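Please work through the following exercises with the sequence and the model at hand. Each task is followed by a worked solution.

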Amino acid sequence: MLAMLRHSRSYIKKIEPGNQRSSCKMSSIQKPLIFVTAASSLVGYAIVYQLLQAGYPVRGSARGKKLEYLKKALSNHPQFEAVEIADVAFGDYSQIFRGVGAIIHTAAPVIGMADKELAFRTAIEGTKHVLEEAEKAGISRFVMTSSIVSFHYTVGPYGPNDWNPITLEKARETGDPYDVYFAEKKYADLAILDFVKTHPHFDITMICPPFIYGPSPPGYEEFMSEPDPAPLGSNTHIYALIGGKNCEIPAFPGYADLGDVARAHMLALHSIHQSAVSDRKIKRLAFASPNPSSWREALKYIAEERPKLKDRLTSPDKVPVLEEHYVKGVEFERLEEVLGFKRSEFKTWKETVLESVDSFLKIEEGWRSRGLEF
């Protein structure tokens, strides 16, 4: 903690030209500067937003046109700074990591959105590179967004040393997007474990959720200026329930609420109850709601609570029927022990579905006001 406070003081003294923000000095003294990779992604943005609400100064990365969207989305938050990282697997991070007390690494390819070799390089080599650059900058607190698929999902178990059986060779051979994704997540986690063998001073937490759903935080509509559901991420699955175009519903059990996932990352910075955790320096946590998630129940919630949308609802016949509606075997006691996140604090499926739908309607209203068809 002392090292983190020293970093935050240096941020005040050595802030980059053109980025002086007197209003954030007090919060910078009280809390360390946090760096979030892929802050323009839905998960990354939700984490940034919660950190800012909690009084943390935050520096977040994006690339291409998303950088300007990110700046505009958080323009009312003087304690936020946006920077560009064109390729997470390369580059000198010495300037962008200056004054940083901890890193939250969310950057990773989405299922099917990158060819297999690019996916492996970004996920595995990218994670290694961020850790190496963190070491050079004297940063040892590291939180990463992994995935429950790095475990043997959906079979389990979900202990810290459990892994899915896929290999890089098998994923390369099949080229199946899910095989590639399962492999990239597994081997990115393994890369962290390998790094810690020679850098035992690092304190690392890996948050591993299944599909993530929930309303996008204020400002995220800047990334949704066009009627393209891609920036919604996994939320397209719920959007499909109300007729969202180019959206499909997966036949996989379990979910995690976006707000819960963001909070888990923030709690990981505090290392709550760390002394009671046997593997206190590296913590790999399956993070899934204990509440059942049924797609047909979701349709009922929407029909009952948002009756104006009844005519838009997809047919129940087109909705997957799952044998299991939640992930069995998640170690909720360990989540509370490590993070202080109690089982009773997870959002219900009904809350997540309805809040997500309300968020979509606001986004659609923006499209409608500009005369866009969707």
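Predicted model: local features only at pLDDT ≥ 70, side-chain atom pairs only at ≥ 80, totals over all residues.

Residues are numbered from 1 along each chain as its sequence is written, and side-chain values use heavy atoms, with hydrogens and water left out.

**Exercise 1.** Determine which residues have the most contacts inside the largest nonpolar core.

Solution. A nonpolar core is a set of buried Ala, Val, Leu, Ile, Met, Phe, Trp, Tyr and Cys residues joined through side-chain atoms within 4.5 Å; buried means under 20% relative accessible area with a 1.4 Å probe, protein chains only. The largest such core has 123 residues, and Leu51 and Leu339 have the most contacts inside it. Helix α7 (residues 177-198) gives the most to this core, with ten residues; helices are DSSP runs of H or I with at least four residues, numbered from the N terminus.

**Exercise 2.** Describe how the axes of helix α3 and helix α9 cross.

Solution. Axes are lines fitted to C-alpha atoms over the stretch in contact, with angles from 0 to 180 degrees between N-to-C directions; contact means heavy atoms within 4.5 Å. The axes of α3 (residues 42-53) and α9 (residues 258-270) come within 9 Å and cross at roughly 60 degrees. Therefore α3 is oblique to α9, a class left after angles under 35 degrees (roughly parallel), over 145 (roughly antiparallel) and 65 to 115 (roughly perpendicular). Among the residues making the contact are Leu51 of α3 and Met266 and Leu269 of α9.

Terms used:
Buried < 20%, exposed > 50% of the residue type's maximum accessible area, 1.4 Å probe, protein only. Helix = DSSP H or I, 4+ residues; strand = E, 2+ residues; numbered from the N terminus.
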